[in-house]
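This briefing is meant to be read with the model open alongside.

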Amino acid sequence: MSFNASVIAQDFPILSRKIRDGKRLVYLDSGATSQKPNVVIEAQSDFYRLHNAAAHRGAHQLAEEATDALEGARQIVASFINADVDEVVFTKSATEALNLVSYAMGNAEKGNRFHLSSRDGIVVTEMEHHANLIPWQQLAARTGASLSWFEVTPDGRLDLSNIASVITEKTKVVALTQQSNVLGTIIPLDEIVKRAHEVGAVVVLDACQSVPHMAVDVKALGIDFLAFSGHKTVGPTGIGIFWGRSELLAELPPFLTGGSMIENVTMTSATWAPAPRKFEAGVPNMAQAVGLGAALTYLTKIGMNQIHEHERALTEYLLNEFSTIDELKVIGPQDLHMRGGIVSFSVGEIHPHDLGQYLDSQGIAVRTGHHCAWPLTRKLGVPATTRASFYLYNTKDDLDALVAGIRGAQKYFG
């Protein structure tokens, strides 16, 4: 199947909207949330219209259909990331998934491999989104474990020169992003995973900016846990994925307790069902899971490698165009080596918020601010940036509109 972003864009009804006095919508904020194709919208609607019931509850036909739909979506997710189906846990978001694993470790009793104390260490990076930083800060505070991190170089790469002194014999968890939501940097994961496993630590991967944009194989990566969000993968909001290796999920304590996640209950005690049910207390987000299944099926049909190459081509094109704009500074890697389709930048003395508002007046949607990565932007000396992030439905025409908008803003702000 040949890749044609203009044709693909026709699958996304919102992209045909006219905004701001009839201007064409140019959506360059997929790093925050992706737009949704008709097949995803229809899949959710059809679930509510035809199959709505509580999955894994009841023996009537609708309950059976809802259960089949939910478990069918779980199988789609497992295939998409090359996981075993019982390793896939539905959450409400990637943020909840990352909190799940951090809180579960905090609940681990002495003797459990995940129990942390003041003798243990947690490692993160300066690149992290707050969703993969604050949960580990809080776990360190609750357990007394030390928190350390890999620093970021001025060109937006991870500094691994001191890897042996950051990941030490006391390290029990290494939690890091696969691709920065600010810089687009893709990290050198192999070296980090190897070192972490040498000292017996587990690796938790925030894959929110990678799973939607490239082929991700959890077995090939050699990681231990992974989280990603549905809404960034052309799927619905209200659904996220937590994946873990089966033998680790068996040892990890539950995060939430209640219905569906139990094996047996008395008035004074309870035992837990095996994963994934152990981590899915309450009625699941069934329609959202069905929508996510439709989204991942849609992406699979197009081809993740084709999507990744398309975004690389867009990134190369935009970096070249940006090099012709006076006073524009790209924040992060200046080339295509180990980077994805996210470009953050500043333009002279124009405040990013002002630039974002001007671009919005031209129908161009970008993100401005610190992008939920305050330590990173402070480290780089840029308290705020403007960020353009692309996806499979973006074209060079969209990037030309962005470049024209930036030049217009320079004239407007003098």
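The points below are grouped by topic.

The model is predicted. Its largest pocket has a volume of about 260 Å³, and the structure holds 12 aromatic pairs.

**The largest pocket**

- Of the 22 residues that line the largest pocket, those closest to its centre are His 129, Ala 131, Cys 208, Gln 209 and Lys 232.
- Helix 4, which spans residues 94-107, supplies the largest share of this lining, with three residues.
- By residue class, the lining of the largest pocket divides into 11 polar, seven nonpolar and four charged residues.

**Aromatic pairs and cluster**

- Among the 12 aromatic pairs is that of Tyr 358 and Tyr 412, whose ring centres are 5.4 Å apart and whose planes stand at 40°, so the pair is classed as tilted; an angle under 30 degrees would have counted as stacked and one over 60 as edge-to-face.
- One aromatic cluster is formed by Phe 12, Tyr 298, Tyr 391 and Tyr 393.

**Charges over rings**

- The charged end of Arg 142 sits over the ring of Tyr 103, at 4.3 Å from the ring centre.
- The charged end of Arg 113 likewise sits over a ring, that of Phe 114, at 5.4 Å from its centre.

**Backbone features**

- The peptide bond from Ala 275 to Pro 276 is cis, with omega near 5°, and Pro 276 lies in the loop that runs between strand 12 (270-272) and helix 10 (286-302).
- Asn 82, although not a glycine, has a positive phi of about 60°; this residue is placed in the loop between helix 3 (61-81) and strand 4 (88-91), and at 33% relative accessibility Asn 82 counts as partly exposed.
- His 371 also has a positive phi of about 60° without being a glycine, and is found in the loop between strand 16 (367-369) and helix 13 (374-379).
- At 1% relative accessibility, His 371 counts as buried, because the cut-off for that class is under 20%.

Conventions:
Residues numbered from 1 in each chain as written. Predicted model: local features only at pLDDT ≥ 70, side-chain atom pairs only at ≥ 80, totals over all residues. Heavy atoms only, no water. 1 Å grid on protein atoms, 1.4 Å probe; cavity = no way out; pocket = protein on both sides within 12 Å on 5 of 7 lines; lining within 4 Å. Points joined across faces, edges and corners; volume = space filled by probe spheres on them. Helix = DSSP H or I, 4+ residues; strand = E, 2+ residues; numbered from the N terminus. Nonpolar A, V, L, I, M, F, W, Y, C, P; charged D, E, K, R; others polar. Phe/Tyr/Trp six-rings, centres within 6.5 Å; stacked < 30°, edge-to-face > 60°. Lys NZ or Arg CZ within 6 Å of the ring centre and 35° of its normal. Buried < 20%, exposed > 50% of the residue type's maximum accessible area, 1.4 Å probe, protein only.
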